[in-house]
Amino acid sequence: MDNELELARQKLGLVSLGESSTYRLYSKGLVSEEFIKDDTKLVGGSGLSLCDSNDNSKKLETNKALRNHRVLAAHPEATELAAIIQGMSWALKLGVKSIQFFCDDDSIILDYQVTGKAAPPNESIVVAKLLKQVAPLQARFTSCQALPLRTDINSSLIKLARDAIASQTTWREGDNEYETCPACYAHVSPRHKLEVRSGCFHRICFTCIRDCVSSQLARGDTLLCPYPGCEKELVLEDCRGIVDDDALNLIIHRKKEKAIPVLDRVYCPKPCCNFLMSDRDLPLGFSIDPRQKSVARTCVECGLCFCKKCHVPWHYKKTCDEFKKSQSYLTSDAALFESLVKTEGWMKCPQCATVVQKNGGCQRISCRHCNHKFCYACGAACTRKKMSCNCSPQD
């Protein structure tokens with residue numbers, strides 16, 4: 001037995017706990033279409049994790065390449081079976097005698113192999129052959145049991161499998177190593193690619209991450225992985241060290257904004273503050289008139305007492321209607337902005353009061369902030385994809 005194998009046995013506790021202890025095997029197989037140089041190829045990999053019955057005290061992880069990519073890609077069940085076979089072979093090589101291995105809830109191996117049934121007649125020849133390979137491997141253990149896989153374990157296995165795939169997509173030109181970015185197809189150094197951490201583990205070049213963040217932030221969209229068709233969301237840690245500080249601050253702000261219901265969002269009117277708060281958590285501002293307490297608020301960041309309705313510092317001894325007729329309001333930034341909105345013909349969303357500007361199309365629009373649908377001409381709500389007013393749907 002070589003030194004590397006002996007070290008693995010020691011890490012797993014096979015030397016101290018004994019080979020008769022029961023170990024748990026987790027596996028995940030993936031096959032994906034990858035861009036290598038100027039060609040598209042199917043590449044497969046497996047993620048394997050072997051640990052003691054406590055799942056944490058003794059643990060060993062590895063990943064391996066999967067062969068016969070085209071055959072496995074056509075049969076997802078076969079990909080999982082191939083990973084299980086690799087994992088069981090790995091465990092036997094380490095000297096494990098008693099094992100529990102984990103499969104997806106709907107895995108064919110739970111329904112047929114474990115119960116001793118033969119593969120069903122409608123299964124492919126590939127799956128049937130792989131099932132036959134599992135049986136003799138099971139027989140070599142003194143105890144072998146299949147159980148459904150936990151989802152929290154699945155995420156770490158996907159990363160291991162993605163790493164195995166990534167190791168097969170690099171090539172060398174002289175002293176330099178390259179990979180193809182799947183978003184822009186540029187050939188870049190692996191050091192200049194980011195692995196998205198939110199579950200898909202796609203490897204994207206820094207340039208595409210910056211462009212993606214810039215364009216999606218500008219549109220107010222959720223930040224998604226740039227990999228074509230991927231719906232996984234980019235997290236803040238993905239962007240650190242790649243985008244500038246202004247973009248990072250905006251990401252933090254958008255995340256906070258998203259966590260607050262639209263109708264509860266309140267911003268401090270002080271230009272140098274503009275702090276975002278939830279109206280439900282805001283302390284009431286000082287007000288002489290009890291009738292005004294519903295709109296008087298205090299900024300938790302800078303301490304400014306302001307009117308959330310007028311969006312100005314608090315107007316002492318005046319109601320909102322009285323203040324909006326005063327010279328103080330008419331010369332305020334809030335009044336100037338209201339004047340600009342009217343001059344430009346913009347509309348305020350009837351639900352959240354966000355100013356929206358239509359850039360073409362019909363009069364039925366959706367507010368980006370709260371998704372409320374209304375007529376841009378009169379503000380009437382749209383129900384069941386139809387306008388509730390008599391305005392012409394055309395601009």
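Mentor: A salt bridge is a side-chain nitrogen of Lys or Arg within 4 Å of a carboxyl oxygen of Asp or Glu. Please keep in mind that this is a predicted model. Here Lys 159, Asp 163 and Glu 195 are linked in a network of such bridges.

Trainee: How many salt bridges does that rule give?

Mentor: The count comes to 13 salt bridges. One of them joins Arg 197 to Asp 238, with 3.8 Å between the closest N and O atoms. Arg 197 belongs to the loop between β9 (193–195) and β10 (203–205), whereas Asp 238 belongs to helix α9 (residues 236–239), so the pair ties together parts that are 41 residues apart in sequence.

Trainee: Is Asp 238 buried or exposed?

Mentor: Asp 238 is buried, because its relative accessible area is 0%, and the cut-off for that class is under 20%.

Trainee: Where in the chain do Arg 297 and Asp 279 lie?

Mentor: These two residues form a salt bridge whose closest N and O atoms are 2.8 Å apart. The pair links distant parts of the chain, with Arg 297 in strand β13 (residues 296–298) and Asp 279 in the loop between β12 (276–278) and β13, 18 residues apart. Both Arg 297 and Asp 279 are buried.

Trainee: What separates N from O in the salt bridge of Glu 338 and Lys 348?

Mentor: The N to O distance between these side chains is 2.4 Å. Glu 338 is part of helix α13 (residues 333–344) and Lys 348 is part of strand β16 (residues 347–348), so parts that are 10 residues apart in sequence are tied together. Glu 338 is partly exposed, with a relative accessible area of 26%; Lys 348 is also partly exposed, at 33%.

Trainee: Let us turn to aromatic rings. By what quantities is a pair of aromatic rings described?

Mentor: A pair of aromatic rings is described by the distance of the centres and the angle of the planes. The count in this model comes to 4 aromatic pairs. One of these is formed by Phe 35 and Tyr 185, at 4.8 Å centre to centre and with 70 degrees between the planes, an edge-to-face arrangement. The pair links distant parts of the chain: Phe 35 is in strand β1 and Tyr 185 in the loop between β7 and β8 (187–188), 150 residues apart. Tyr 185 is partly exposed, with a relative accessible area of 45%.

Trainee: What is the backbone angle phi of Tyr 185?

Mentor: Phi of Tyr 185 is near 65 degrees, a positive value in a residue other than glycine. Lys 37 likewise has a positive phi, near 55 degrees, and is not glycine. Lys 37 lies in the loop between β1 and β2 and counts as partly exposed, with a relative accessible area of 42%.

Trainee: Which side chain has a polar atom 3.1 Å from the backbone nitrogen of Lys 37?

Mentor: That polar atom belongs to the side chain of Thr 180. Thr 180 is located in strand β7 (residues 176–180) and is buried, with a relative accessible area of 4%. Leaving aside neighbours within four places in sequence, the contacts of Thr 180 include Phe 35, Ile 36, Lys 37, Trp 171 and Tyr 185.

Trainee: How should I read the nonpolar interior?

Mentor: In soluble globular proteins, nonpolar side chains tend to be buried together. In this chain of 395 residues, 43% count as buried. The largest nonpolar core has 26 residues, of which Leu 50 and Met 88 touch the most other members. The elements giving two or more residues to this core are β1 (22–36), β2 (39–52), α4 (76–94), β4 (98–103) and α6 (125–139). Of these, α4 gives the most, with 9 residues. Apart from this core lies another of 24 residues, among them Cys 200, Leu 217, Tyr 227 and Ile 242.

Trainee: How many helices and strands are there in the chain?

Mentor: There are 13 helices and 21 strands. Of the contacts between residues at least 6 apart in sequence, 50% join residues at least 24 apart.

Terms used. Residues are numbered from 1 along each chain as its sequence is written. This is a predicted model: local features need pLDDT of at least 70, side-chain atom pairs count only at pLDDT 80 or more; totals for chains, interfaces and linings use all residues. Side-chain values use heavy atoms; hydrogens and water are left out. Helices (H or I, at least four residues) and strands (E, at least two) are DSSP runs, numbered from the N terminus. Buried means under 20% relative accessible area, exposed over 50%, partly exposed in between (1.4 Å probe, protein chains only). Contact means heavy atoms within 4.5 Å. A nonpolar core is a set of buried Ala, Val, Leu, Ile, Met, Phe, Trp, Tyr and Cys residues joined through side-chain atoms within 4.5 Å. A polar contact is a pair of N or O atoms within 3.5 Å; within protein, one must be able to donate a hydrogen and the other to accept it, and residues adjacent in sequence count only if both atoms are side-chain atoms. Rings of Phe, Tyr and Trp (its six-membered ring) pair if their centres lie within 6.5 Å; planes under 30 degrees apart count as stacked, over 60 as edge-to-face and the rest as tilted.
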